[in-house]
Amino acid sequence: TALVARPRAPQPARTGRAVVAMGAPGLQLAAAVLSNPRTLALGASAVASVVAVLVWLARSLTTPQRQYSAGDDFNSVQAEYNAWTNDGILEYYWGEHIHLGYYNEAERAAGYKKKNFIQAKYDFIDEQLKWSGAPSTITSILDVGCGIGGTSRYLAKKFPAATVTGISISDAQVARATQLAKAQGVPNAKFELKDALKMEYADNSFDLVWAIESGEHMPDKKRYVEEMARVLKPGGTLVFATWCQRETPPDFSPAERKTLDFLYGEWTHPYFISIEEYVRLMSGTGVLESVQSDDWVKETIASWRHSIWVGVWDPWIVVRKPWAWWKTVRDGVTLERMHRAFDCGLMRYGMLKAKKKLMPSA
């Protein structure tokens, strides 16, 4: 016998009131929890904690923490560059050259991220050398503030008949530069631990005195220029690149002053000066002639954000070093603030060059 299912009687639609009634116990419980003074206190405490963390984070990232200081037994520039050299992160991303790169007009139009970040640094050296007008017959070169020696070794390869001397205040940099010169087979490059403000070389020692981005760290810019001029041979070439602040007047606004104070204090810079002030200092030595300057902001500014992107594309060396996370975040923020300062004209990229006057014949 077939079994026939009896049709079910139609069910009345549930009204909104019925749904509310079914959920009433849950709503009542939620209301009770939310109205509990202890719950409210915990919620307010959590919100306050989040706000406090955000305020602390904002304040920390806008307050410089590596101000310049120097004494008989300590120099913050030496300490910071020792730390950067030893942790290996800067070398991993920036290669052997701790300076900005060069991007020509076509490369800027195509998009800076299409250019190899490291190659841009080699291009900078080539462009600075070309701009200097130094002859190909030079036999002695001094690289003032040589970092881990990338530029010194590159120049040594371009001028195999020349002796290239790189100096740094960082003993870790000198050791690493020497190690790399030996590994790469560059016997005509040597590195010495010296203070650029008292180099202890004889007068008139070098055909070419060269520097890239070392003047920023000098606590006495006048002495820096005078020492480079002193050790330069008569008829020799002085050329250096350095970050500069804009000329005054007009005076810096409070916002500009705050930005500069951060840029001084975060990467242990005593202070910056203008391109025009460097020209005045060079002319004031009395031994330099044909003093010329230029501003290469347009050619170099892409380096700031490009350096951030290379870290985004390849973060693993930082991921593996959790003790470096906070410092890396701070450096990323500073790179962006540097970009903005150069972009708005507060900072300029100074290129300076001169010849040393020939000694009068007896």
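The legends below describe close-up views of one predicted protein model.

Residues are numbered from 1 along each chain as its sequence is written, and side-chain values use heavy atoms, with hydrogens and water left out. Since this is a predicted model, local features need pLDDT of at least 70 and side-chain atom pairs count only at pLDDT 80 or more, whereas totals for chains, interfaces and linings use all residues.

**View 1. Confidence and overall make-up of the protein chain.** The mean pLDDT (the predictor's confidence in each residue, from 0 to 100) is 90 for the protein chain, and 89% of the residues reach 70 or more. Over residues 1-6 the pLDDT is below 50, and this stretch has 0 contacts (heavy atoms within 4.5 Å) beyond near neighbours in sequence. Residues 12-22 also stay under 50, and for them the model has 1 contact beyond four places in sequence. Where pLDDT is low, the predicted coordinates should not be read in detail. The secondary structure comes to 15 helices and 7 strands, which are DSSP runs numbered from the N terminus (helices H or I, at least four residues; strands E, at least two). Of the 362 residues, 44% count as buried, where buried means under 20% relative accessible area, exposed over 50% and partly exposed in between, with a 1.4 Å probe and protein chains only. Among contacts with a separation of 6 or more, 81% come from residues 24 or more positions apart.

View 2. The 7 strands form an open sheet of mixed pairing, in the order β3-β2-β1-β4-β5-β7-β6, and two strands pair if DSSP finds at least two bridges between them. At the edges are β3 (189-193) and β6 (288-295), each of which pairs on one side only. From one strand to the next, the twist averages 15°; axes are lines fitted to C-alpha atoms, for helices over the stretch in contact, and angles run from 0 to 180 degrees between N-to-C directions. Strand β1 (residues 140-144) runs parallel to strand β2 (residues 163-168), and 5 bridges join them; Asp-143 has Gly-166 in β2 as its bridge partner. Helix α7 (residues 150-158) packs on the sheet and touches β1, β2, β3 and β4 (206-212), with its direction at about 150° to that of β3. Helix α15 (residues 325-343) also packs on the sheet, where it touches β5 (232-245) and β7 (347-356), and its direction makes about 70° with that of β7.

**View 3. Lys-121, a buried side chain without a salt bridge****.** Lys-121 lies in helix α6 (residues 117-132). Although buried, Lys-121 has no salt bridge, a term that requires a side-chain nitrogen of Lys or Arg within 4 Å of a carboxyl oxygen of Asp or Glu. The nearest side chain of opposite charge is Glu-213, 7.1 Å away; Lys and Arg count as positive and Asp and Glu as negative, while His and the chain ends are not counted. Leaving aside neighbours within four places in sequence, Lys-121 is in contact with Trp-94, His-97, His-99, Leu-100 and Gly-101.

View 4. Lys-115 is buried, with a relative accessible area of 11%, whereas Glu-107 is partly exposed at 23%. The side chains of Lys-158 and Asp-126 meet in a salt bridge at 3.5 Å, N to O. Because Lys-158 lies in helix α7 and Asp-126 in helix α6, this pair ties together parts that are 32 residues apart in sequence. Lys-158 is partly exposed at 39%, and Asp-126 is partly exposed at 26%. Glu-247 and Arg-280 form a salt bridge at 3.1 Å, N to O; Glu-247 lies in the loop between β5 and α10 (254-266) and Arg-280 in helix α11 (residues 275-284), so the pair ties together parts that are 33 residues apart in sequence.

**View 5. Glu-80 within a network of salt bridges****.** Arg-66, Glu-80, Glu-266, Arg-330 and Asp-331 are linked in this network. Glu-80 lies in helix α3 (residues 76-87) and counts as buried, at 17% relative accessibility. Beyond neighbours within four places in sequence, Glu-80 is in contact with Arg-66, Thr-268 and Lys-327.
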